[in-house]
Amino acid sequence: MAVGLPGEQTRWRCTRCGNLTRFDVVRSRRTKEYWHFDLGGDATVESSELLREVVEQVVCRWCGADDSIEIVPRPDAGGPTEETAG
Ligand SMILES: [Zn+2]
């Protein structure tokens, strides 16, 4: 079960190594798009609406952990300011 998306006051943190800043993220996005074709057949996506977004996997770029990512507060909300293990 992957961790959820961070919000305005939160961020991700790797509990194994303390990484706060670098992650590989696999996510699925279901979108509704307005495709506008010209008469030659070339299309431009003129608008896109996000219907659903699911984070499937978050992997720490530092240590490779994919089961150790947690949600913590941002520094402004009392969260960690340094990338330290433990
Ligand atoms: Zn890590």
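Which residue in S3 is the bridge partner of Phe37? I looked it up, and the partner is Ala43.

**Ground rules.** I am reading a predicted model, where local features need pLDDT of at least 70, side-chain atom pairs count only at pLDDT 80 or more, and totals for chains, interfaces and linings use all residues. Residues are numbered from 1 along each chain as its sequence is written, and side-chain values use heavy atoms, leaving out hydrogens and water.

Strand S2 covers residues 23-37 and strand S3 covers residues 43-60. They run antiparallel and are joined by 15 bridges. Strands here are DSSP runs of E with at least two residues, numbered from the N terminus, and two strands pair if DSSP finds at least two bridges between them. S2 and S3 form a hairpin with five residues between them. In the turn I found Gly41, with a positive phi of about 105°.

**The zinc ion.** Next I checked what holds the metal. The protein donors are the SG atoms of Cys14, Cys17, Cys60 and Cys63, 2.3 to 2.4 Å from the zinc ion. Donors are N, O and S atoms within 2.8 Å of the metal (3.2 Å for Na, K and Ca); water is not among the atoms, so sites may look incomplete. Along the chain, the donors follow the spacing C-x2-C-x42-C-x2-C. The angles between the four donor atoms are 101 to 116°, so the arrangement is tetrahedral. For four donors, that label requires all angles to lie between 85 and 135 degrees.

Cys63 has 29% and counts as partly exposed. Buried means under 20% relative accessible area, exposed over 50%, partly exposed in between (1.4 Å probe, protein chains only). Leaving aside neighbours within four places in sequence, I listed the contacts of Cys60 (heavy atoms within 4.5 Å). Among them are Asn19, Arg22 and Phe23.

**The core.** Cys60 also belongs to the largest nonpolar core, which has 10 residues, including Val3, Trp12, Val55 and Ile69. Such a core is a set of buried Ala, Val, Leu, Ile, Met, Phe, Trp, Tyr and Cys residues joined through side-chain atoms within 4.5 Å. The largest share of this core, three residues, comes from S3.

**Ser68.** Last, I looked at the loop between S3 and strand S4 (69-73), where Ser68 lies. Ser68 is buried because its relative accessibility is 13%. Not counting residues up to four places away in sequence, Ser68 touches Arg13, Cys14, Thr15 and Arg16.

Key
Tetrahedral: all angles 85-135°; square planar, octahedral: opposite > 155°, others 65-115°. Helix = DSSP H or I, 4+ residues; strand = E, 2+ residues; numbered from the N terminus.
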